Amino acid sequence: MVDVYAKCLYMGSAAKVFAEMPERNLVTWNAMIVGFLQNKCYDRASLAIREVLREGSVMPDQVSFSSALSACANMGGLEFGRQLHGAVVKHNLIDLAYVKNSLMDVYTKCGSSGDAFKLFRVCSERDVVTWNVMMMGCVHIDSFEEACSYFKSMMIEGVLPDEASFSTVLHVCSNLSTLILGASVHDQIIKRGFEKNNCVRGSLITMYTKCGSLDDAHKVFKDIEDPNVVCWSAMIAAFQQHGCADLVVESFEKMVGKGIKPDYITLVSVLSACSHTGQVERGFEYFNSMTESCGIIPGSEHYACMVDLLGRAGRLHEAKRFIESMPIEPDSSVWGAILGASRNSGNLEMGRQAAEKLFELEPSNSGSYILLANMYSRAGMLKEADEIRRLMGMNRVRKETGCSWIDVKDRTFVFTSHDRSHSMSQDIYKMLAKMEELIKKKGYVAEIEFAVNSIGEHKERNLWHHSERLALAFALLTLPKGAPIRIKKNLRTCGDCHIVMKFASEIFERVIIVRDVNRFHRFANGICSCGDYW
């Protein structure tokens, strides 16, 4: 009865039955601990194992400890996890793989990867779960290169990956944007017979999307006979990130027409697509039908999309009224949308109000300070801009250094603004000069308002030394003729670089794909997939 109620998400009823039991054995206690874990009542799972250990009438086993440790991992309970580690040793269960994997999971998720590594090293037998835990732990702390190393070592040791292994390493490839590695993992997936697993397929679509290959992502999707909501959502997100708003709406309507209910993430992608194409009425139509048609209560991401939708359409005052009517407290994504829209429309006062909210919510985020300082600079209010920069210094906020990187064969080359550290620097700057000459013949005029940290005649020259242009020049020198150029950037690409990329795609007859911190821009024949609305 306890187990039935717990698995049917009625933990209150399970607890009531448990409390009325005249006798409780290990199976009963485990049903409660596992039930609390499955229902995400992590603190209550921890209390249950404490009570078992305190009473001493029941001897906990590997199920008891592993479930309690999983609860610790999910709620970040490092200290209690250490106490359970001691209890595991005391009960002579430390050598059981199930328990040791759960302990490593606690340490990796709670930021103590050193302890996890110590346990990993003394493991006499490492099964696929052991390797998965270490890979997921690395992902949890954004140590993606190390996660890749674990995957490769697992393969070398002859441990066959499962769907969790493949999904994790594909997530790593997505974050590193390494198409070559992602494609090789895809080969392994086919060899191991996981190509029809929907979880893996969804990860494959996301990997190809974030590595800039929308065509490959679409091929994976088209090969799925009966895609579930995860696969549909991954494909819809792919179209949205690459600026294909019409395909987002078309795919969404197809999915709904097949009787598949969209999930929380699907609606974020759809609303974002409406925002980036100025479809205000359609966006509100989808937003207003979320709860009734899809059974989804709008969350902060959905509200942020709607604020962004109004802001990008220049309806800032409506956006502000929308924020005031929100049933939840606006978070940083909402105020960030207002700040971005204020920058685009030149509404300094509303931008200042949004930035001040962001200073409170995210005091260490340099982007908000820089955006406001740049707005002041463009308005000629240099004293106010300097004041914002001084505020950054007082709060010890540092601006992230902008950089762009590109993969050539099996190597990654990184560029910063004015970079001359590369062995081919002389050739790169010659190519840059050639690009400038050809683009100016096409009618290019520099938009020097994007050179916010330069003065006088240096403004245009500094624009030409932006990191993504150096990466483009290097790619033109090193990649085969006609091959697509994929550039990654850690910040938002500037408007002037966006214009240059459009001209370059036409002049050099190349497809240029730029992945910045917000989205993908696919330049071909002088046109960008974003429609200059990003």
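The model before you is predicted, so to speak of its basis: local features need pLDDT of at least 70, side-chain atom pairs count only at pLDDT 80 or more, and totals for chains, interfaces and linings use all residues. Residues are numbered from 1 along each chain as its sequence is written, and side-chain values use heavy atoms, with hydrogens and water left out.

I begin with V63. Leaving aside neighbours within four places in sequence, V63 is in contact with N30, V34 and Y98. V63 and L26 are 37 residues apart in sequence, with their C-alpha atoms 9.7 Å apart in space.

V63 belongs to helix 5. Helices here are DSSP runs of H or I with at least four residues, strands are runs of E with at least two, and both are numbered from the N terminus. Helix 5 covers residues 62–75, which makes 14 residues, and reaches 20 Å from its first C-alpha to its last, close to the 20 Å expected at 1.5 Å a residue. That expected span is 1.5 Å times one less than the number of residues.

At the start of helix 5, a side-chain oxygen of D61 comes to within 3.1 Å of the backbone nitrogen of V63. After the helix comes G76, with a positive phi near 70°. The buried residues of helix 5 include F65, L69 and C72. Among the elements covering the buried residues are helix 3 (26–38), helix 4 (42–55), helix 6 (78–90) and helix 7 (97–109).

Six strands form an open sheet in the order 2-1-3-4-5-6, with mixed pairing. Its edge strands are strand 2 and strand 6 (527–528), each of which pairs on one side only. Two strands count as paired if DSSP finds at least two bridges between them.

Strand 1 (residues 403–408) and strand 2 (residues 411–416) run antiparallel and are joined by six bridges. S404 has F415 in strand 2 as its bridge partner. Two residues lie between the strands of this hairpin, where K409 takes a positive phi near 60°. Strand 3 pairs with strand 4 (residues 512–515) in the parallel sense, over four bridges. There, I487 stands opposite V514 in strand 4.

Where does K488 lie? K488 is in strand 3, residues 485–489. This lysine, K488, is buried, with a relative accessible area of 6%. Which side chain makes a polar contact with that of K488? The partner is D407, at 3.3 Å. A polar contact is a pair of N or O atoms within 3.5 Å; within protein, one must be able to donate a hydrogen and the other to accept it, and residues adjacent in sequence count only if both atoms are side-chain atoms. Not counting residues up to four places away in sequence, K488 also touches S177, C403, S404, W405 and R515, among others.

Conventions: Buried means under 20% relative accessible area, exposed over 50%, partly exposed in between (1.4 Å probe, protein chains only). Contact means heavy atoms within 4.5 Å.
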